[in-house]
Amino acid sequence: MDVFPVPDVPEVRPGDDLAALIRDRVDLRPDDVVCVASTVVSKAEDRAAELSEFPAGPRAREIADNLEEVTGEQKDPRFAQAVLEESTEVLMESPFLLTETRFGHIGVNAGIDRSNVPEGDILLLPRRPSESASRIRAELPADHVVVTDTSGRPFRHGQRGVAVGWAGLAPGRDYRGETDREGRELGVTVENVVDELAAAANLVAGEADSGTPAVVVRDFEWGDHGESDAHFRAVEGDLVRQAVREWEF
């Protein structure tokens, strides 16, 4: 499997044709997987915003005050308001704001970015990243697109690439019903392929101002396995989320 960057992608502006920017810079094959950073998807979809667009309500001001008390750092209640408006549930308010986005991703500050945003104060995640992936895929020779972001995960240091949207492939490779080397049937093994592809792409893409916004994964082989549509864990089966809901902050 080869993983390589799409070279020389310029600064993306609202309304830019991301598919054309990628297509014009690399010869794509039908079985390629094109991993596109959510930041450039958001920029093309005009998701940059000013904090003044989010006047803080009582809850946002309370959250900002609590965070400031815990961390000792001044917090802008307008940023907390933006997070609330991008979220369907607040799982944790302190020592950081952990929420579920409107498309099911759980992360800190609803994935809102405050770096490398020339068009505004903050950059919101795409509204529906899988629909964004579908639109990009429709204009590419490649059959598979993954929209990626970086986030921390519980019990791990550092950030890693994760998938927030995808098109043209199932998110998971399903081994259930197959057997291991000892002949035992596998009952729970589902591999999260889109997250693994996003992580591989992130190794090549890099971070901060050295990053490249699009990466191609070539010669990835699915193998003779089933597919799984599961990605974001449902609430009823998410023991971590259930435990977090019971914590006192």
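Helices (H or I, at least four residues) and strands (E, at least two) are here DSSP runs, numbered from the N terminus. The model is predicted, so that local features need pLDDT of at least 70 and side-chain atom pairs count only at pLDDT 80 or more, while totals for chains, interfaces and linings use all residues. Residues are numbered from 1 along each chain as its sequence is written, and side-chain values use heavy atoms, with hydrogens and water left out.

1. Overall form. The secondary structure of the chain amounts to seven helices and 13 strands, and the C-alpha trace spans about 55 × 50 × 25 Å along its principal axes. The radius of gyration (taken over C-alpha atoms, with a globule rule of 2.2 Å times the number of residues to the power 0.38) is 19 Å, which agrees with the value near 18 Å that a compact globule of 249 residues would have.

2. Of the 249 residues, 46% count as buried, where buried means under 20% relative accessible area, exposed over 50% and partly exposed in between, for a 1.4 Å probe and protein chains only. If contact is taken as heavy atoms within 4.5 Å, then 63% of the contacts between residues at least 6 apart in sequence join residues at least 24 apart.

3. The largest nonpolar core. A nonpolar core is a set of buried Ala, Val, Leu, Ile, Met, Phe, Trp, Tyr and Cys residues joined through side-chain atoms within 4.5 Å. The largest one has 27 residues, of which Leu-18, Ile-22, Leu-28, Val-34, Val-36 and Leu-140 touch the most other members. Elements giving two or more residues to this core include helix 1 (18-23), strand 2 (33-37), helix 5 (129-138) and strand 12 (214-218), and the largest share, four residues, comes from helix 1. Leaving aside neighbours within four places in sequence, Leu-18 is in contact with Val-12, Val-36, Val-40, Val-41, Ala-44 and Ile-136. A second, separate core has 17 residues, among them Ala-80, Ala-82, Leu-84 and Ile-122. In soluble globular proteins, nonpolar side chains tend to be buried together.

4. Val-33 lies in strand 2 and counts as buried, at 1% relative accessibility. Residues up to four places away in sequence not being counted, Val-33 touches His-144, Val-146, Leu-197, Val-215, Val-216 and Val-217, whereas Arg-78, 45 residues apart from Val-33 in sequence, is 38 Å apart from Val-33 in space, C-alpha to C-alpha. Ser-134, in helix 5, is partly exposed with a relative accessible area of 39%; Ser-134 and Asp-24 are 110 residues apart in sequence and 19 Å apart in space, C-alpha to C-alpha.

5. The second largest pocket. On a 1 Å grid over the protein atoms alone, a pocket is an open set of points where a 1.4 Å probe fits, with protein on both sides within 12 Å along at least five of seven lines, and lining residues have an atom within 4 Å of a point. The second largest pocket has a volume of about 210 Å³, and of its 14 lining residues the closest to the centre are Leu-67, Lys-75, Phe-79, Leu-97 and Asn-109. Helix 3 (58-71) and helix 4 (77-85) are the elements that give two or more residues to this lining, with the largest share, three residues, coming from helix 3.

6. Which residues have a positive phi although they are not glycines? Among them is Asn-109, with a phi of about 55°, which is found in the loop between strand 6 (106-108) and strand 7 (122-123) and is partly exposed at 21% relative accessibility. Asp-219 also has a positive phi, of about 65°; Asp-219 sits in the loop between strand 12 and strand 13 (226-228) and is partly exposed, with a relative accessible area of 38%.

7. A cis peptide bond. The bond from Ser-94 to Pro-95 is cis, with omega near 5°, and Pro-95 lies in the loop between strand 4 (87-92) and strand 5. Most residues other than glycine have a negative phi, and most peptide bonds are trans.

Key: Grid points are joined across faces, edges and corners, and a volume is the space filled by probe spheres set on the points.
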